[in-house]
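Biologist: I'm new to this one, so please pick a single part and walk me through it closely. Start with whatever rule you need, and then show me how that part sits among its surroundings.

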Amino acid sequence: MIPRSWIRTFWLAAALTLAAPDLLAEEGPPLQGDFRDFTPLAEAVPAPEARFFDDQELPVSLAEFRGRVLLVNFWATWCPPCVYEMPSLDRLQGELESEGLTVVAVSVDSEGLDIAAAFLRDLAVTNLETYIDPLNKLSRAFGVGALPTSYVVDAEGRVRGMLRSPAEWDSPEGLALLRYYLEESGG
């Protein structure tokens, strides 16, 4: 028998990867600038429960962030587009944290915490926590196929949409997109 968690993971990966027309939202957030390729889902799906690690190398899950809108961003130190967008993610966290947004920037570097933390320090990132997924459990559960990839997860723990490209997240267009989901969540 196939475990239920595998079935949920398959459904999430299929829904986000294939972006079937019936899953795409007809009306939704403003999609302008870097966010024209953002894929909103008409029907939210539960976020994966796979665990990843915090800056103390303790296991965490997205369920621990319930009540906040999340921007879950998968990145790596060797990924030039990730380097490009990391400062804007840092500024975004500083700008929208008080409104109920948490940026969960998850490094998929196999070398783990030391390389990810040093990379963020070198970029002068001060608002983001360091999270790692060195075994790619969370990224596989999401169906990440390219870096950077970002997912919006609502305050109830449901995936609402995704973007598979770098973006200026603290731009007016990025702020408008995320404020749409914050307002929907009552943030």
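Modeller: Let's start with the rule: a disulfide is a pair of cysteine sulfur atoms within 2.5 Å. Keep in mind that this is a predicted model. By that rule, the count comes to 1 disulfide. The partners are cysteine 79 and cysteine 82, with their sulfur atoms 2.4 Å apart. The torsion about their S-S bond is about 75 degrees, so the disulfide is right-handed. Both cysteine 79 and cysteine 82 are buried.

The part I'd like to look at closely, though, is helix H5, residues 172–184. H5 has 13 residues and reaches 18 Å from its first C-alpha to its last, close to the 18 Å expected at 1.5 Å a residue. Which residues of H5 are buried? They are Gly174, Leu175, Leu177, Leu178, Tyr181 and Leu182. These cover an arc of only 160 degrees around the axis, which puts them on the same side of H5. Turn to the other side of H5 and you find Pro172 and Glu183, which are exposed. Just after H5 comes glycine 186, with a positive phi of about 80 degrees.

So what covers the buried residues of H5? The cover includes strands S1, S4, S5, S7 and S8, along with helix H2.

Take S4 from that list. 7 of the 7 residues of S4 are buried, so S4 is largely enclosed by the rest of the structure. In a regular strand the side chains alternate between the two faces of the sheet. On one side of S4 you have Val69, Leu71, Asn73 and Trp75, on the other Leu70, Val72 and Phe74, and all of them are buried. S4 also pairs with S5 in the parallel sense, over 7 bridges. Along that pairing, phenylalanine 74 stands opposite valine 106 in S5.

Back on H5, have a look at tyrosine 181. There are 9 aromatic pairs in the count, and one of them joins phenylalanine 38 to tyrosine 181: it is tilted, 6.2 Å centre to centre, with 50 degrees between the planes. Phenylalanine 38 lies in the loop between helix H1 and strand S1 while tyrosine 181 is in H5, so the pair ties together parts that are 143 residues apart in sequence. Are these two residues buried or exposed? Phenylalanine 38 is buried, with a relative accessible area of 3%, and tyrosine 181 is buried too, at 2%. Along with Tyr180, Phe38 and Tyr181 form one aromatic cluster.

Proline 148 lies in the loop between helix H4 and S7, and a cis peptide bond joins leucine 147 to it, with omega about -10 degrees. Most peptide bonds are trans, and most residues other than glycine have a negative phi. Asparagine 136, in the loop between strand S6 and H4, has a positive phi of about 60 degrees although it is not a glycine. At 26% relative accessibility, asparagine 136 counts as partly exposed. Glutamate 57 is not a glycine either, and has a positive phi of about 60 degrees; look for glutamate 57 in the loop between strand S2 and strand S3.

Terms used: Residues are numbered from 1 along each chain as its sequence is written. This is a predicted model: local features need pLDDT of at least 70, side-chain atom pairs count only at pLDDT 80 or more; totals for chains, interfaces and linings use all residues. Side-chain values use heavy atoms; hydrogens and water are left out. Rings of Phe, Tyr and Trp (its six-membered ring) pair if their centres lie within 6.5 Å; planes under 30 degrees apart count as stacked, over 60 as edge-to-face and the rest as tilted. Helices (H or I, at least four residues) and strands (E, at least two) are DSSP runs, numbered from the N terminus. Buried means under 20% relative accessible area, exposed over 50%, partly exposed in between (1.4 Å probe, protein chains only). The expected span of a helix is 1.5 Å times one less than its number of residues. The arc is that of the directions from the helix axis to the C-beta atoms. Contact means heavy atoms within 4.5 Å. Two strands pair if DSSP finds at least two bridges between them.
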